[in-house]
Amino acid sequence: MPLSRPPHIPELPEVELVMRRSGRARRFSLRVSRVDGRVALTIPRGASEREALAFARSQTEWLRKTLGAIPPARAVRFGQAVPFQGQMLMLEPASLRSPKIDGARLLVPEDPARLGVRVETFFKHAARQRLHAATARYASEIGRDFAKITIRDTRSRWGSCSSTGALSYSWRLIMAPPDVLDYVAAHEVAHLEEMNHSPAFWRVVESLRPSFKAERAWLKREGSALHAIRFRD
């Protein structure tokens with residue numbers, strides 16, 4: 001469970017540490033969220049907070065480098081471009097009732113205050129359609145059924161599969177290239193057969209997406225930039 005008062009590293013006063021004790025951890029560890037830059041410090045049972053902070057201070061340069069590589073958050077604005085299925089679309093105001101793609105433009109009703117919400121809603125709808133189609137296709141290939149699909153704005157993972165066959169995806173996948181979205185769908189469908197990340201699981205993924213390694217690498221490399229786009233204040 002989290003400790004009472006979030007501490008800081010003197011060399012990085014702007015960084016707030018989320019310290020957690022773990023009965024299973026054998027060593028101190030630091031994890032930086034590439035979504036929001038939160039830094040989690042895991043403390044093994046029996047270790048002191050002082051020792052944990054000393055470890056964190058010893059990792060100052062690594063933290064500075066890692067945090068510096070995270071794309072800064074940016075809010076959507078008219079006149080800026082946003083990614084959609086791997087292509088950049090310029091946001092432009094237009095006299096219409098709902099967003100519409102026109103070539104390399106995404107036309108959105110003329111109301112800056114509701115721009116983010118409207119674009120997000122448009123993206124969610126497109127994501128649901130694409131992910132449902134991809135999931136159904138891959139599930140059919142391996143002869144498996146799924147219970148339902150939920151679309152969320154998940155922070156820690158791009159998709160998940162429960163033991164009951166319920167699948168969940170991040171709607172932000174619609175901003176990635178189509179092949180990347182398809183890889184995530186194949187990954188979660190593979191869990192319908194193998195609820196683990198064993199060699200057998202990856203063989204199922206590869207049977208569905210032979211090019212999965214490149215698509216998985218893209219997501220690791222570029223995924224944080226998709227999370228950096230803010231559609232709501």
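The structure holds 9 aromatic pairs; rings of Phe, Tyr and Trp (its six-membered ring) pair if their centres lie within 6.5 Å, and planes under 30 degrees apart count as stacked, over 60 as edge-to-face and the rest as tilted. This is a predicted model, in which local features need pLDDT of at least 70 and side-chain atom pairs count only at pLDDT 80 or more, while totals for chains, interfaces and linings use all residues. Residues are numbered from 1 along each chain as its sequence is written, and side-chain values use heavy atoms, with hydrogens and water left out.

Select Phe122 and Phe123: this aromatic pair is tilted, 6.3 Å centre to centre with 50 degrees between the planes. Phe123, at 0% relative accessibility, counts as buried, whereas Phe122 is partly exposed at 21% (buried means under 20% relative accessible area, exposed over 50%, partly exposed in between, with a 1.4 Å probe and protein chains only).

Phe123 and Phe231 form an edge-to-face pair, 5.9 Å centre to centre and 65 degrees between the planes. The pair links distant parts of the chain, with Phe123 in helix H3 and Phe231 in the segment after strand E13 (229-230), 108 residues apart. Helices (H or I, at least four residues) and strands (E, at least two) are DSSP runs, numbered from the N terminus. Phe84, Phe122, Phe123, Trp171 and Phe231 form one aromatic cluster.

Finally, select Ser170, in strand E12 (residues 166-170). Is Ser170 buried or exposed? Ser170 counts as buried, at 0% relative accessibility.
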